Amino acid sequence: MAHSDSDPPLLNHYGTLLCHSTQWDEPQTRVTMEECQLPLIDLCDLGCDDEMVRRACAAAICKASSEWGFFQVVNHGISSQLVDKMRSEQVKLFRAPFETKATSGLLNNSYRWGSPRATCPNQFSWSEAFHVPLTKVSDEACYGDFKSLREVMTCFAAAMSELSRLLAGILTENLGHWKQASISNICDETTCFLRLNHYPACPISPEIFGLVPHTDSDFLTILCQDQVGGLQLMKDSKWVTVKPNKDALIVNIGDLFQAWSNDVYKSVEHKVVSNATTDRYSIAYFLCPSYDSLIESFVKPSIYRRFTFREYREQVQEDVRKTGYKVGLPRFLLKGSEDLTTTTTESNTRLYIPSITAKS
């Protein structure tokens, strides 16, 4: 299989795992997954003069976060022109020679590919990415020869940040946390990230993940994807495929919001499946707190013990290093809380709908 000099040596790494792995899954074949239409929410309604319309929009956001852990938004304030420019610059970046991406320190030296800690094929991700701290997005020194990327990426990051805070504010107020804690107090540009993803075509096997199954270790994630598809999520104990919508951004709840909400909101396992013939591109914005931020539920009895974001990240990294897999929130369950999970969640799913002031 021919590769251009821009592609990372994914095939070599995967082949090495095949040769040395002692862990084997049952052979898989590419099956047709049920295609789902995520809850679609028109954010234009948040600016409506009719308070009932605003409240209904906020209620839909909270309901989707509780029942799905995923939803999609339209009229989100990020223009199609900006998305198109960002995608064009992203493609140009990933078409640079592999050696340039890997060794020239681009975007705060944030380039990564494959799965360095994978010990068997089913832990391997057929992808490459730049995982960029927001503090470095406007840093001219990070861009090398890709000068035109800086202006577009700065505008895009700012727009995604504004949208994330709008959604997080609605979700927080719904929990009754508004006066006690605000995500805006612990999340700022020094703690959040923008990730540029590229999933090269992978014709060699239907078993290879573009991105392995996982949940996100943040408060929430906003995803801007192309029309190739491949995103799948766990719904009702089965994998379903998310149908791309060119006008929508996808939002998903992260582990920290699930813990903060005492399981009212759901951080749902998801993955990307590889495509045999077509490259896939996406951009994800991660709303994260400072490392020393304390994560705890304001609802009692609490399902999870208190922890800092730093502690959570270190535990995730340790689990991945030892086992190749992220364990996540189950590591932080309080003794006996397994019995509380269902009853607590059920008692908390009656959503308080805040009074939303119309946007100017």
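This is a predicted model: local features need pLDDT of at least 70, side-chain atom pairs count only at pLDDT 80 or more; totals for chains, interfaces and linings use all residues.
A residue counts as buried when its relative accessible area is under 20%, and at 10% relative accessibility Y281 therefore falls into that class.

Select Y281 together with F94: their ring centres lie 6.3 Å apart and their planes stand at 45°, so the pair is tilted. Because F94 lies in helix α3 and Y281 in strand β13, the pair ties together parts that are 187 residues apart in sequence. F94 is buried as well, with a relative accessible area of 1%.

F98 belongs to helix α4 (residues 98–103) and Y111 to strand β4, 13 residues apart, and both F98 and Y111 are buried. To display the whole aromatic cluster, select F94, F98, Y111, W113, F130 and Y281. The structure holds 14 aromatic pairs.

Now colour the strands of the open eight-stranded sheet, which has mixed pairing and runs in the order β2-β3-β11-β8-β13-β6-β5-β4. Its edge strands are β2 (40–42) and β4 (111–113), each of which pairs on one side only, and the twist averages 25° from one strand to the next. Within the sheet, select β8 (residues 220–225) and β13 (residues 280–287), which pair in the antiparallel sense over six bridges; here L223 stands opposite A284 in β13.

Bring in the helices that pack on the sheet. Helix α3 (residues 80–94) touches β5 (128–133), β6 (193–199), β8 and β13, and its direction makes about 110° with that of β13. Helix α7 touches β3 (70–74), β5, β6, β8, β11 and β13, and its direction makes about 135° with that of β8.

Returning to M153, show its contacts beyond four places in sequence, which are M86, L107, V132, V137, Y143, L194 and L196.

Finish at N252 in strand β11 (residues 249–253), a residue that is buried, with a relative accessible area of 3%. The side chain of N252 makes a polar contact with the side chain of D216, at 3.0 Å. Leaving aside residues up to four places away in sequence, N252 touches G69, F70, D216, L220, T221 and H270.

Key: Residues are numbered from 1 along each chain as its sequence is written. Side-chain values use heavy atoms; hydrogens and water are left out. Contact means heavy atoms within 4.5 Å. Helices (H or I, at least four residues) and strands (E, at least two) are DSSP runs, numbered from the N terminus. Buried means under 20% relative accessible area, exposed over 50%, partly exposed in between (1.4 Å probe, protein chains only). A polar contact is a pair of N or O atoms within 3.5 Å; within protein, one must be able to donate a hydrogen and the other to accept it, and residues adjacent in sequence count only if both atoms are side-chain atoms. Two strands pair if DSSP finds at least two bridges between them. Axes are lines fitted to C-alpha atoms, for helices over the stretch in contact, and angles run from 0 to 180 degrees between N-to-C directions. Rings of Phe, Tyr and Trp (its six-membered ring) pair if their centres lie within 6.5 Å; planes under 30 degrees apart count as stacked, over 60 as edge-to-face and the rest as tilted.
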